[in-house]
Amino acid sequence: MDPIIPILILAIPLCMFLVLGLFGNKMSHPIAGILGTAGMGVTMVLAYITAFTYFFSGAPQFIDGDVHLQNIVFNQDWLQFTDSLVIRLGFLLDPISALMLVVITTISFMVHLYSNGYMRDHHGVWETGFQRFYAFLSLFSFSMLGLVVATNIFQMYIFWELVGASSYLLIGFYYTKPSAVSASKKAFIVTRFADLGFLIGILILSFYTGTFNFTDLTSAPVAGMDGVYQVSGETAAGIRNIFQTSAAPIFMGGSVMTWALVLIFMGGMGKSAMLPLHIWLPDAMEGPTPVSALIHAATMVVAGVYLVARLFPLYLMEVTSLDIIVVVGALTALYAAIVACTQVDIKRVLAFSTISQIAFMMVSLGVARPEFHHGIGYMAGMFHLFTHAMFKALLFLCAGALIHAIGSNDYTDMHGLRKYMPVTHITFLIGCLAIAGIIPFAGFFSKDEILTACFGNSMVWYIWMSFVAGLTAFYMFRLYYLIFWWKEHKIHEGHHAPHDQPWTMTLPLVVLAAISCVAGFVPFGNLVTWNGHNMFDHVSFLTNLENLDWSVAVISLLVAVAAIALATVMYKKENPMPERMRRLMPNLWRWSRNRFYWDELYMFITHKIIFNLICRPIAWFDRHIIDGSMDGMAYLAQRASYAIRGLQSGNIQMYVWVYLIGALLLGAVTVICLI
Amino acid sequence: MESVGSIIMYFIIAVAIIVFSVLTVTTRKILRSATYLLFTLFATAAVYFMMDYEFLGAVQIAVYAGGIVVLFVFSILLTSRPGDNTEKLASRRRVLGLTAAVAMLLVAGYSLVSRCSMFVSRPEMGEIDMQQVGTALMGTGYGQYLLPFEAISVLLLACIIGGIVVARKR
Amino acid sequence: MEITLLYYLIPSLIMFCCGVYGFLTRKNMIAILISLELMLNAVDINFVVFNRFLFPGQMEGMFFTLFAIAIAAAETALAIAIIINVFRAVKGIDVRDLTKMKF
């Protein structure tokens, strides 16, 4: 493949960032918006071409029989520290990176388009910093694309930090608002803390394996073809040998490899908001809603999932680490789903829903084993990543449209909007159906396959995740009914009736809704699998339907329908049932409403323990011992100079006298001694 | 062996130098101080004449006595108001100055007396005529001083300009 | 009686010491300048006398004195310009009054 297209995919967003960032203030608002959107549109087309070429061209460097190969389009030496320690920047094309290219560019383009309408008020007045907003969006798109096409773990780390930085910039976009500033700081610090683990994991891993490259770590070269690799169990065994021959030390009960993988997963936990590092994501909703849709629902937060998927053959060698991932993911999924049931802020509900759904993907990767259905969990996780990106971006953009129309984040200010905003209503409903897992919407297929994978691994996880899936359906429809039904919308005096937003905002909704309807039929089993082998012999539009495990599917459908029915009964019309439910479980409700007091726990740990017990003494030492010694020296010098400053009187006659007496004494000594 | 006349001449000059020097720095009136300085300079010029450097003596009288002292007198008249040209010396100040001067006199005098007694005679020297002086000033060879001469002329020019700039009314 | 080198150096030394005394004790700037001229003159005498007694055929000492006189003239002119300027600024030429640039 000609490297010009991959290079352009990375270069166009970067150039847009530079142009909009440096010259944005010189442009008028619509030009900046059109420029950013057009740049992203071109990138999207190029990414589609790349992905299409990779999956369907049948070129020998991309596909070998029924196996998708890894292909390094280009790999440029960037920093050469020593002969063996070289950091490269490149473009790796394999099923998951091609998939991510499509996801990122699609969502990003939709968000760019949507922001043209969102980032101005009802009178068409543009938000301050509109150009800056587009510059940051482009920076984010560039960083995220660089992350997914990384050829080595170090490049991934670099772009990993870049997406973190652009996320920080965008959360803090309204930097005059104190809550936005603290939310951006929180997101940055929490993910940085997680990235510390990631970095240590990278260092351990590369120390023992001697390489950064994904292709060396996870796959074997295909004979006779440069830059083409095939994932296989044998390479994994080879790396295990490296670990064993280097006398892989056991550290605190785990092998070094397990530790490295768990530490790398910790980086993923930070970015993907897994328990207990999830606290930043709900607060990140302080950013503009399109940003939440792009970064905190569809792309950046799944970077952790992508990381695990990228290193999946390594994780497969240490099943312990996969088990840890399952436990973390399952706990997070349940926790976030419970919390989402009681939140008032619609973006918070969606944020916790995102956490829960990402946890689904993590669980799916964690339960994946090659023995069961060709490692269906891996495929299901990636599938869910794809479909979730589409319908969750849709839901967030709908929420943005609602917030834009109402001017508030709380559903208590909404209620009964279905007549006023029909397009938003229908698209939001499609999003809810998709996330709830109702056939034939996208979420049904991916979630069903995740549940199948859980079923193949352990009954416990299957029941657990089915329950969480039911909760998902419940809280999403609770949100849907509370926004669009419940009671008649009350229009405040002096306000216009809420209405659908301009076409720049509704078009992305319609497009994403359409994708959410049909994405489930994409035969993912033949596109993205853990080792590149096709799962099905032949594909058609109905492949996914034909290959369903109907026992699992029917049960999950029943659960979802039951949950939706419950939500309908409770929230369609205004009634006292929610209040009664709340009385029934007051403690659970309170804990859920307060997000199980995680933030308070962190506050306690940081303020009471770390600040008081560690930082205070250090600060005292710094202020009194270190500063004190410096001040003491300064004080001594000052006193000494006060004592002798009389000598520097400025009286030249005195100077001359002193000089003369000294010279004469010397002269007298000389004369007396020499003569 | 010198002639009696020159010995008498020498003593007159030496006494004049000593007396007028002391008077220059001890008198209270600044204008008198300038006048005694003038006499000291004349005595110095006399020393130069005795040393057979007539040109130097003439320069001494013309530049020092004729130029500098006149400058002093003018500046004294410009800067002092009538009545305040007397100044009382603080005794501590006088003691300090006296200490330094006497110490200087003792140390330098002792070393002079103990070392210089060997140079007893004054060698004969031919008349230095103006031609010699002019050649030495205008040449660039050994023992000739064109470069310092030019440097001095530039210095004087700078002084003229500097004096005007500094003293001019703003 | 032989008038030796020492006979000329002693008056010049006394003149120099008078200069030192004046320089250290006087408070009028012009008086200080006069004392300076005394010291300079004493040094000039030494140059000439050493030249005459030790190197009679040469003229280095004489020329040195010549240039010293020229420089003294320049220096005096400039110093008096400064003194007049100072007098304008502080209405006096007492060195004790010139404390504006002290700490």
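Helices (H or I, at least four residues) and strands (E, at least two) are DSSP runs, numbered from the N terminus. Two strands pair if DSSP finds at least two bridges between them. The model is predicted: local features need pLDDT of at least 70, side-chain atom pairs count only at pLDDT 80 or more, and totals for chains, interfaces and linings use all residues. Residues are numbered from 1 along each chain as its sequence is written, and chains are lettered from A, ligands numbered from 1, in the order in which they are written.

In chain A, a hairpin of five residues links strand 3 to strand 4. Strand 3 (residues 70-80) and strand 4 (residues 86-93) of chain A are antiparallel, with eight bridges. A:Asn71 has A:Leu93 of strand 4 as its bridge partner.

A nonpolar core is a set of buried Ala, Val, Leu, Ile, Met, Phe, Trp, Tyr and Cys residues joined through C-beta atoms within 7 Å. Buried residues have 20 or more other C-beta atoms within 10 Å of their own, with C-beta atoms placed from the backbone. The largest core holds 221 residues. Helix 16 (residues 376-406) of chain A gives the largest share, 23 residues. A:Leu402 is among the residues with the most contacts inside this core. Beyond four places away in sequence, A:Leu402 touches A:Ile346, A:Met414, A:Leu417, A:Thr424 and A:Ile483 (contact: C-beta atoms, placed from the backbone, within 7 Å).

Chain B contributes 71 residues to the contact and chain C 59 residues. Helix 1 (4-26) and helix 6 (146-167) are among the chain B helices that each supply at least two residues to this side.

Definitions and conventions. Two residues are in contact if their C-beta atoms, placed from the backbone, lie within 7 Å. A residue is buried if 20 or more other C-beta atoms lie within 10 Å of its own, exposed if 12 or fewer, and partly exposed in between; C-beta atoms are placed from the backbone.
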